[in-house]
Amino acid sequence: QVQLVESGGGLVQPGGSLRLSCVASGSIRSIFVMGWYRQAPGKERELVASITSASSTNYADSVKGRFTISRDNAKNTVYLQMNSLKPEDTAVYYCNADLLTMNYARVNAWGQGTQVTVSS
């Protein structure tokens, strides 16, 4: 069993900042890639940012220069620092992990999502 639990969402004014956290727990041997996705009402889920175990990062064009993804491999935790937030960043943000379980099963796991609302 693998579980991803997100925290840190909420309501923020345009131009403000939020920091999301996601902890992976359970029968985990290693985590290859961790990432954040988001889904706004009426839209498809999209990749926001991802980070490999070697800390190589990838960002959606819409968040480059504003968001920063990081991870703590020892804690199986990934973070998303979001600055200069815009109303169009409003969405449910989901944590994702591509990992190997202790039984050597390759698993793609999702968190339950955390709401981020950017509004004045």
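**Close-up views of a predicted model**

F67 is found in strand β7, where strands, like helices, are DSSP runs numbered from the N terminus (helices H or I, at least four residues; strands E, at least two). The model is predicted, so that local features need pLDDT of at least 70 and side-chain atom pairs count only at pLDDT 80 or more, while totals for chains, interfaces and linings use all residues. Residues are numbered from 1 along each chain as its sequence is written, and side-chain values use heavy atoms, with hydrogens and water left out.

View 1. With a relative accessible area of 3%, F67 is buried (buried means under 20% relative accessible area, exposed over 50%, and partly exposed in between, with a 1.4 Å probe and protein chains only). Leaving aside neighbours within four places in sequence, the residues in contact with F67 include R38, V48, Y59, L80, M82 and Y93, contact being heavy atoms within 4.5 Å. F67 and I31, which are 36 residues apart in sequence, lie 22 Å apart in space, C-alpha to C-alpha.

**View 2. The two faces of β7 and the pairing with β8.** In a regular strand the side chains alternate between the two faces of the sheet. β7 pairs with strand β8 (residues 77–82) in the antiparallel sense over 6 bridges, pairing being assigned if DSSP finds at least two bridges between two strands. The hairpin of β7 and β8 has 4 residues between the strands, and N76 takes a positive phi near 50° there.

**View 3. R71, a buried arginine without a salt bridge.** R71 lies in strand β7 (residues 67–72), and V78 is the bridge partner of R71 in β8. Although R71 is buried, R71 has no salt bridge, and the nearest side chain of opposite charge, D72, is 8.1 Å away (Lys and Arg count as positive and Asp and Glu as negative, while His and the chain ends are not counted; a salt bridge is a side-chain nitrogen of Lys or Arg within 4 Å of a carboxyl oxygen of Asp or Glu). The side chain of R71 does make a polar contact with the side chain of N73 (2.6 Å), and a polar atom of the R71 side chain lies 3.1 Å from the backbone oxygen of I51. A polar contact is a pair of N or O atoms within 3.5 Å; within protein, one must be able to donate a hydrogen and the other to accept it, and residues adjacent in sequence count only if both atoms are side-chain atoms.

**View 4. The disulfide of C22 and C95.** The structure holds 1 disulfide (a pair of cysteine sulfur atoms within 2.5 Å), which joins C22 to C95 with an S to S distance of 2.1 Å. Because C22 lies in strand β3 (residues 18–26) and C95 in strand β9 (residues 91–101), the pair ties together parts that are 73 residues apart in sequence. The link is left-handed, with -85° about the S-S bond. C22 is buried at a relative accessible area of 0%, and C95 is buried at 0%.

**View 5. The salt bridge of D89 and R38.** The side chains of D89 and R38 meet in a salt bridge (2.9 Å, N to O). This pair links distant parts of the chain, with D89 in the loop between β8 and β9 and R38 in strand β4 (residues 28–39), 51 residues apart. Both D89 and R38 are buried, and a network of salt bridges links R38, E46, R66 and D89.
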